[in-house]
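Dear colleague,

Please find below the structure that I am handing over to you. My findings follow directly after it.

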Amino acid sequence: MAKEKNTETKVLAIVEPILAEKALELADLEFVKEGPNWYLRIYIDKEGGVTIEDCESVSRILEKKLDEKDPIEQAYILEVSSPGIDRPLKKPEHFQKYMGEIIDIKLYKPLEGKKEYQGELKQFENGIITIIDENDKEIQFVQKETASVRLAVLF
């Protein structure tokens, strides 16, 4: 875990100026091992959404910078993409941006017999997520105890 966080910090210093120059925002960054492969995933966003061209441009520039600075010891696969319509909410600014939206919360351990909740995001303060569920019940979750928090995809 420490290796992943240290690598993410190094990559962050490289990717942030690239995104600032292109008026893009960093939605998320992760360096994870899946099976035998390591993945460096950069999720970018902008008002109105990102295009494939945005992802391609950032990928090309970032790949060149990463090759120059070589902050990652092992081989990895670089992926640059949009966070998608069911984007994860991880940072305080994500929660503030999507206040009032419907979110899906998955828990590691059941709360009141359930591990999955959906509701309107009402508040995020000091790591506490507050939603109003479909029964108008207010429920609070400790962010550290959630497996994932995402924007809900409603049809």
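Asp-133 is buried and yet forms no salt bridge. The nearest side chain of opposite charge belongs to Lys-137, and it is 5.7 Å away, whereas a salt bridge requires a nitrogen within 4 Å of a carboxyl oxygen. Please bear in mind that the model is predicted.

What surrounds Asp-133? The residue is placed in the loop that runs between strand S6 (128-132) and strand S7 (138-142). When neighbours within four places in sequence are set aside, Asp-133 is in contact with Gln-118, Gly-119 and Ile-139. A polar atom of the Asp-133 side chain also lies 2.9 Å from the backbone nitrogen of Asn-135.

Asn-135 has its place in the loop between S6 and S7. Is Asn-135 buried or exposed? With a relative accessible area of 60%, Asn-135 is exposed. The C-alpha atom of Asn-135 is separated by 9.3 Å from that of Gly-119, and the two residues are 16 apart along the chain.

I turn next to the salt bridges. Side chains of opposite charge can pair when their charged atoms come close. How many salt bridges does a search of the whole structure find? The search finds 11.

One of them joins the side chains of Asp-45 and Arg-87, with an N to O distance of 2.2 Å. This pair links distant parts of the chain, 42 residues apart: Asp-45 belongs to strand S2 (residues 37-45), while Arg-87 is in the loop between strand S3 (77-81) and H3. Both partners are shielded by the definition used here: Asp-45 is buried, with a relative accessible area of 4%, and Arg-87 is buried as well, at 13%.

Asp-45 also meets Lys-97 in a salt bridge, at 3.9 Å from N to O. Because Asp-45 lies in strand S2 and Lys-97 in helix H3, this pair ties together parts that are 52 residues apart in sequence. Lys-97 is partly exposed, having a relative accessible area of 42%.

A further salt bridge is found between the side chains of Arg-60 and Glu-56, 2.6 Å from N to O. The two residues are 4 apart in helix H2 (residues 52-69), so about one helical turn separates them. Arg-60 is exposed, with a relative accessible area of 56%, and Glu-56 is partly exposed, with 36%. Elsewhere, salt bridges with shared partners join Glu-25, Asp-45, Arg-87 and Lys-97 into one network.

Asp-28 lies in strand S1 (residues 25-34). Asp-28 counts as buried because its relative accessibility is 10%, and the cut-off for buried is under 20%. The side chain of Asp-28 makes a polar contact of 2.7 Å with the side chain of Lys-90. Leaving out neighbours within four places in sequence, Asp-28 is in contact with Arg-41, Ile-42, Tyr-43, Pro-88 and Lys-90.

The remaining findings concern aromatic rings. How many aromatic pairs does the structure hold? There are 3 of them. Why does the pair of Phe-95 and Phe-124 count as stacked? The ring centres of Phe-95 and Phe-124 are 4.1 Å apart and the planes meet at 5°, so the pair is stacked; planes under 30 degrees apart are counted in this way. The pair links distant parts of the chain, with Phe-95 in helix H3 (residues 92-97) and Phe-124 in strand S5 (residues 114-125), 29 residues apart. Phe-95 counts as buried at 0% relative accessibility, and Phe-124 is buried with a relative accessible area of 10%.

The charged end of Arg-41 sits over the ring of Tyr-39, at 4.6 Å from its centre. Likewise, the charged end of Lys-114 sits over the ring of Tyr-117, at 4.4 Å from its centre.

With kind regards

Definitions and conventions. Residues numbered from 1 in each chain as written. Predicted model: local features only at pLDDT ≥ 70, side-chain atom pairs only at ≥ 80, totals over all residues. Heavy atoms only, no water. Phe/Tyr/Trp six-rings, centres within 6.5 Å; stacked < 30°, edge-to-face > 60°. Buried < 20%, exposed > 50% of the residue type's maximum accessible area, 1.4 Å probe, protein only. Lys NZ or Arg CZ within 6 Å of the ring centre and 35° of its normal. Lys, Arg positive; Asp, Glu negative; His and termini not counted. Polar contact = N/O pair within 3.5 Å; in protein donor to acceptor, adjacent residues only side chain to side chain. Contact = heavy atoms within 4.5 Å.
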